[in-house]
Amino acid sequence: MAKLVAFYSRADENYFGGSMKYIQIGNTEKAAKMIADMTGADLFKIEQKISYAADYNTCIAQAKEDKQTEKRPEILNLPQDIDQYDEIYLGYPNYWGNAYVNERAVGRAIKDSGIDRKNIFLSTKIWASEYENENTVEETLERLGVDYVDLLYIHQPAGNWLAGYRMLEKAYREGKAKSIGISNFEGKYMEELETKWEIVPQFIQVEAHPYFTQKELRVTLDKYGIKLMSWYPLGHGDTALMNELVFAGLGKKYGKTPAQVILRWHTQMGFVVIPGSKNAEHIKDNMDIFDFALTDEEMEQIAKLDKNERYYHRTDEQLVQFANWKPEFEK
C-alpha cells in the first residue's frame, strides 16, 4: 500500500527564521518525518510562493489575518502522481497558546462533563504580557468558569516576571490557586527567583527526557522540594531517542513499548509527566506504566544516555517578543 505524508510548515531553516534559532526544524516537519518513518510513507513538503515573515510577531499577525479572512496562500508545488497513493496524511501547523487561548473551551468541557470539580485537577499558565495586569487571575478564572485552579504557573521568565510571580503568591494566599509553579525558569532566572520568592513554588515545568535530565537544576529543586514536570518527555518525537537499544531491550523484557519505558523512567526519576496525545490508544498506553518497575541497574543504564542536550533553545530576543505578544482571548 503506497502512502504519502504531505505537510505544510511555516518553518524554514529555523522556526523563527534569521538568527533566532528556536529549533532547526519546525514541529510540523518533525511530526511529519516521524510519521513517514513509522509508516514507510513518502514525504512531501508543500511550499507557498510567498513565505511568512521570519520575525515572530509579524509571522503570527500574518497567520491570524489569513485565518480570519480565510485567505489561502498561493501554493508553489504539489505532489506529483498523487493518484498512486492509497493513504495520504496531511499535516499543518497549529496555534500555540492564557497563551494557548483555550481556557473558555476547557471551562465549557468541565461544565458539560458533569464531573464534580473536586475530582478534576485543573492547571493553567499566565502569559508574560499579562504579568502587570492586576486582574489577570480573576480574568483567567472567569474564562475557565471556576473559583480556583489546582495549579497556576507563570509561563516564561520574560517581561516583569517578578510581578507575575507576586500574582501567583497572592492567588495562593487567597485560595484561588491551590499550588503555584514556574515554567521555563532555569539558570540565572531560577537563581534570581530563589532570592526573591516569598512562597516557594511547588512545581517547575521544563524540558526533561533521558537525553537531558536537568542535573544542575535538580540540585536546587531537591533543596526546596520543588517537583519537576517534564515537557518533551519523549524527546520531541526524536526517533533516535525512541530507538535507543536500551529501551527496545527493556520493552521486550517488560512487554512495553519504548515510549512506555521512557515514561516509567520519568516517574521513577520523581518527575511529573503528562504526555500529550489525541490518539485514544496512545493515551491508554501512556497510562499503562504502573505494572512494572525498572531496577536500579536499568535506571543506571538509562542514565548513561544523558548528553545534557536539549531540543528547545530559547534566546533573549525571544523573551522580549514573548513579553510583547498579547493573546487574543475568546470573548
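Biologist: In this predicted model, at what angle do helix 3 and helix 4 pack, and how far apart are their axes?
Modeller: Helix 3 (residues 103-113) and helix 4 (residues 136-144) pack at about 45°, and their axes are 6 Å apart.

Biologist: Which residues of helix 3 and helix 4 meet?
Modeller: Glu103, Arg104, Val106 and Gly107 of helix 3 meet Thr140, Glu142, Arg143 and Leu144 of helix 4. By class, this contact has 4 charged, 2 polar and 2 nonpolar residues.

Biologist: What is the order of the strands in the open sheet, and how do they pair?
Modeller: The sheet has 6 strands in the order 4-5-6-7-8-9, with parallel pairing.

Biologist: What makes strand 4 and strand 9 stand at the edges?
Modeller: Strand 4 (123-126) and strand 9 (272-273) each have a single partner strand, so one side of each has no neighbour in the sheet.

Biologist: How do you know that strand 7 and strand 8 pair?
Modeller: Pairing needs at least two bridges. Strand 7 (residues 203-207) and strand 8 (residues 227-231) have 5 bridges, in the parallel sense. Phe203 has Lys227 of strand 8 as its bridge partner.

Biologist: Which strands does helix 5 touch?
Modeller: Helix 5 (residues 161-173) packs on the sheet and touches strand 4, strand 5 (151-154) and strand 6 (180-183). The direction of helix 5 makes about 170° with that of strand 5.

Biologist: How do you know that strand 5 and strand 6 pair?
Modeller: The cut-off is at least two bridges, and strand 5 and strand 6 pair over 3 bridges in the parallel sense. Tyr153 has Gly181 of strand 6 as its bridge partner. From strand 5 the chain crosses through helix 5 to strand 6, in a right-handed β-α-β crossover.

Biologist: Which residues point each way from strand 6, and are they buried or exposed?
Modeller: Ile180 and Ile182 point one way, Gly181 and Ser183 point the other way, and all are buried. Buried here means under 20% relative accessible area.

Biologist: What joins strand 6 to strand 7?
Modeller: These strands run parallel and are joined by 3 bridges. Ile182 stands opposite Ile204 in strand 7. The chain crosses from strand 6 to strand 7 through helix 6 (residues 187-196), and this β-α-β crossover is right-handed.

Biologist: What makes helix 9 roughly antiparallel to helix 12?
Modeller: Helix 9 (residues 245-254) and helix 12 (residues 296-303) pack at about 155°, with axes 10 Å apart. An angle over 145 counts as roughly antiparallel, so helix 9 is roughly antiparallel to helix 12. Val246, Phe247, Leu250, Lys253 and Tyr254 of helix 9 make the contact with Glu298, Gln301 and Ile302 of helix 12. These residues divide into 5 nonpolar, 1 polar and 2 charged.

Biologist: Why is helix 9 called roughly perpendicular to helix 10?
Modeller: The axes of helix 9 and helix 10 (residues 258-268) cross at roughly 95° and come within 8 Å. The range for roughly perpendicular is 65 to 115, so helix 9 is roughly perpendicular to helix 10. Phe247, Leu250 and Gly251 of helix 9 meet Pro258, Val261 and Ile262 of helix 10. This contact has 5 nonpolar residues, 1 polar and no charged ones.

Notes
Residues are numbered from 1 along each chain as its sequence is written. This is a predicted model: local features need pLDDT of at least 70, side-chain atom pairs count only at pLDDT 80 or more; totals for chains, interfaces and linings use all residues. Side-chain values use heavy atoms; hydrogens and water are left out. Axes are lines fitted to C-alpha atoms, for helices over the stretch in contact, and angles run from 0 to 180 degrees between N-to-C directions. Helices (H or I, at least four residues) and strands (E, at least two) are DSSP runs, numbered from the N terminus. Contact means heavy atoms within 4.5 Å. Ala, Val, Leu, Ile, Met, Phe, Trp, Tyr, Cys and Pro count as nonpolar, Asp, Glu, Lys and Arg as charged, and the others, Gly among them, as polar. Angles under 35 degrees count as roughly parallel, over 145 as roughly antiparallel, 65 to 115 as roughly perpendicular and the rest as oblique. Buried means under 20% relative accessible area, exposed over 50%, partly exposed in between (1.4 Å probe, protein chains only). A crossover is right-handed if, with the strands pointing away from the viewer, the path from the first strand over the helix to the second runs clockwise.
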